[in-house]
Amino acid sequence: MPDYVLGVPRYANSAPLYHFLEEGNGIVFRYGVPTELNRWLLEGSVDLSLVSSYFYLANAERLRPLPDFSIADLGPVYSVNLFHTRPWQALRRIALTTESATSVRLLQYLLESDSLSPEYTREQGGLELLERYDGVLLIGDRAITTYAGLLQHIPESVHQVPRQFTGPQGSPLWVSDLSMRWYERTRLPFVFAVWATRRSEPPPPEVVRRLRAARSLGLGNLAAVAGTEAQRLGVPERLMQHYLWNFRYHLEAPDRLGLETFARAVGLAYPGDYWDV
Ligand SMILES: C=C(O[C@@H]1C=C(C(=O)O)C=C[C@H]1O)C(=O)O
């Protein structure tokens with residue numbers, strides 16, 4: 001019996017789901033960024049994986065999600081950020097991380113909704129790209145570490161989290177949190193990713209049981225998970241703990257409504273059928 005291959009994202013935001021998940025006993029991990037995992041799931045080199053919600057919706061005839069796994073947020077996410085040196089309404093050229101599918105489409109939707117149509121270029125990098133672009137979209141670990149690097153201190157209250165900084169040469173640097181902008185527009189959660197298999201291959205119940213057990217342990221020991229990830233990324237533990245606590249990992253009814261609303265917003269059908277497992 002060949003090992004069952006799980007696609008595992010290399011992001012801290014998924015650590016509560018796999019920190020206590022052990023490889024072995026028939027399961028092996030393959031780590032990647034979302035755009036790699038998306039491709040591997042369709043081509044068959046992973047069997048069950050995190051998949052960008054936009055990629056799932058665009059390939060729903062071939063993919064079917066688990067009923068209760070998500071990377072979602074209600075309000076800010078802190079790690080899907082457009083860093084920009086011109087005001088939102090004046091954006092002309094944007095660099096897009098090559099790691100993302102969902103966040104790229106969300107950014108385009110939010111800008112289109114404000115009648116804005118900047119030029120987009122897929123280019124991997126960090127804030128140095130702001131020498132050539134008005135904005136750079138970062139996600140995952142690079143986004144949260146870049147944002148943490150801008151903070152002079154960790155605010156006591158979430159309502160004091162800064163969204164504007166002074167960039168190089170004293171120019172303003174804005175940080176637009178795309179999940180917060182979605183919430184301001186819809187009052188709904190945003191689902192960045194789900195877990196899915198190919199429709200031809202139902203998820204083995206034992207694998208799903210192990211995933212659920214690992215999630216319960218991860219969320220039940222969030223301080224330990226946050227400590228590990230904070231050390232790995234070099235960010236303050238308090239920031240990492242709040243960042244991870246803030247996610248919605250269970251694809252609950254509000255999350256599903258947010259996913260359906262996103263599908264309709266970008267002109268895709270919402271299948272709404274999940275594995276009954
Ligand atoms: C919350 C995040 O969302 C991620 C964004 C994804 C995408 O844009 O395709 C896919 C997986 C998510 O983990 C993040 O990157 O921090």
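These legends describe an overview and several close-up views of one predicted chain.

The model is predicted: local features need pLDDT of at least 70, side-chain atom pairs count only at pLDDT 80 or more, and totals for chains, interfaces and linings use all residues. Numbering starts from 1 along each chain as its sequence is written, and side-chain values use heavy atoms, with hydrogens and water left out.

**Figure 1. Overview of the chain, with 10 helices and 11 strands.** Helices (H or I, at least four residues) and strands (E, at least two) are DSSP runs, numbered from the N terminus. The C-alpha trace spans about 60 × 40 × 30 Å along its principal axes. Of the 277 residues, 55% count as buried. Buried means under 20% relative accessible area, exposed over 50%, and partly exposed in between (1.4 Å probe, protein chains only).

**Figure 2. Domain 1 and domain 2 of the chain.** Domain 1 covers 4-72 + 188-265, and domain 2 covers 80-186. These bounds come from an automatic or database domain assignment. The domain centres, taken over C-alpha atoms, are separated by 23 Å. The contact takes 27 residues from domain 1 and 25 residues from domain 2. Contact means heavy atoms within 4.5 Å. Among contacts in the chain between residues at least 6 apart in sequence, 75% join residues at least 24 apart.

**Figure 3. Tyr78 and Ser115, each with a positive phi.** Most residues other than glycine have a negative phi. Tyr78 has a phi of about 75 degrees. Tyr78 sits in the loop between strand S4 (63-73) and strand S5 (80-84). Tyr78 is buried, with a relative accessible area of 7%. For Ser115, phi is near 60 degrees. The loop that holds Ser115 runs between helix H4 (102-113) and strand S7 (119-122). Ser115 is exposed, at 68% relative accessible area.

**Figure 4. Trp40 in helix H2 (residues 34-43).** Trp40 is buried, with a relative accessible area of 8%. Leaving out residues up to four places away in sequence, Trp40 touches Arg30, Tyr31, Gly32, Ser45, Val46 and Arg198. Gly7 is 33 residues from Trp40 along the chain, and their C-alpha atoms are separated by 8.1 Å.

**Figure 5. Glu61 and Arg198, 137 residues apart along the chain.** The C-alpha atoms of Glu61 and Arg198 are separated by 9.1 Å. Glu61 lies in the loop between helix H3 (53-58) and S4. Glu61 is exposed, with a relative accessible area of 56%.

**Figure 6. Leu219 in helix H7 (residues 205-220).** Leu219 is partly exposed, with a relative accessible area of 32%. Neighbours within four places in sequence aside, Leu219 is in contact with Pro16, Tyr249 and His250. Ala15 is 204 residues from Leu219 along the chain. The C-alpha atoms of Leu219 and Ala15 are separated by 9.6 Å.
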